[in-house]
Amino acid sequence: MINVILCLILKHQAQHTPCTRRALYQFYDLDNSSPYNTSTLVLIQIVQRHGDHAPFSFYPGDPYANDLWPDGLGELTPKGKRRMYNTGRQLRYRYGHWLGVSPKTIYQRSQGVDRCLESAYAVSAGMYAPEGRWVWDRGPTVPTTIDALLSASATCPTASTLQSQLANSPAATAYLAQNQAFIDQLNNVAMLNYSTLTQFENLYITLEDELDYPKAPPAWLRAMGVTRTMARLELFLYTLYNLFADNFELLQLRAGPLVGVLLSNMQTAISMATNTTMVK
């Protein structure tokens, strides 16, 4: 899965535009050739996830647990590398006249695990055709266990405690009770003994990675109906994520450091652009 958040900071020029609606369209389109464009780009920030990867782990009885996974568990697959590379090419096509010709004109930060590093490399290769010494130029990384900026699993006792409490909260228990018939059927057919949102989240992620690899659906999943079962399991995942997202303290701990850096970068870019005002 690839998620890209593109943040654009522009400074607004003093002249007026004859058509506000069209000017706003050109503002979002960033078409400098337009006579209605009255803004100048001063900062681009991109936040993205890694590309498609092999499963991290397996559920009990998983028919693919002993298969050969040539890329390594949790590592980027050829499909993931291709999609990340194409993401870089799309960024080059769309914003090439701002990106320059050297990857040293941008600052790139990756979580210190292989799938993230390879994703960053592939995007860079798409944005900057690798030639000579620019081939796979490594950017700065931080050990995952202390990388609060990019790793959602970085060591944080308070955040971990909150996540555990939310995953076993009355709201989580109520959701599980509402879906008990489905849970009983799944445990019976797949010969599992799952009872928590976290377990179903992990099961969904493993199955999604395996099916995307691609692997054929296991017999028990076919018996239950692949599309129906995956859709139901995805709701367990979203329920857990929504519980996390509704807790402001957890958001501060897990997402706050990254949001803080992005805001700081924006403020710096704005202050460096003299005589500027943000487009409202």
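Among contacts in the protein chain between residues at least 6 apart in sequence, 73% join residues at least 24 apart. Contact here means heavy atoms within 4.5 Å.

A word on the source. This is a predicted model, where local features need pLDDT of at least 70, side-chain atom pairs count only at pLDDT 80 or more, and totals for chains, interfaces and linings use all residues. Residues are numbered from 1 along each chain as its sequence is written, and side-chain values use heavy atoms, with hydrogens and water left out.

The overall picture. The protein chain has eleven helices and four strands. Those are DSSP runs, numbered from the N terminus: H or I of at least four residues for helices, E of at least two for strands. Of the 280 residues, 38% count as buried, meaning under 20% relative accessible area with a 1.4 Å probe, protein chains only. The accessible surface is about 16200 Å², by Shrake-Rupley with a 1.4 Å probe. Carbon and sulfur atoms hold 56% of that surface.

Now α7 on α9. Helix α7, residues 197–212, packs on α9 at about 130°, axes 9 Å apart. Axes are lines fitted to C-alpha atoms over the stretch in contact, and angles run from 0 to 180 degrees between N-to-C directions. So α7 is oblique to α9: not under 35 degrees (roughly parallel), not over 145 (roughly antiparallel), not 65 to 115 (roughly perpendicular). The contact includes Phe200, Leu203 and Tyr204 of α7, and Leu233, Phe236 and Leu237 of α9. Its residues divide into 15 nonpolar, two polar and three charged. Nonpolar covers Ala, Val, Leu, Ile, Met, Phe, Trp, Tyr, Cys and Pro; charged covers Asp, Glu, Lys and Arg; the others, Gly among them, are polar.

Next, α6. Helix α6 is residues 180–190 and α9 is residues 226–245; their axes come within 12 Å and cross at roughly 120°. That makes α6 oblique to α9. Which residues meet? Phe182, Ile183, Gln185 and Leu186 in α6 meet Arg228, Thr229, Arg232, Leu233 and Phe236 in α9. Five are nonpolar, two polar and two charged.

Last, proline 60. Where does proline 60 lie? In the loop between β2 (39–48) and α2 (78–99). Proline 60 is partly exposed, at 46% relative accessible area; that class runs between the buried limit and 50%, over which a residue is exposed. Beyond its neighbours within four places in sequence, proline 60 contacts Ala190, Leu192 and Tyr194. Alanine 190 is 130 residues away in sequence, yet 8.6 Å away in space, C-alpha to C-alpha.
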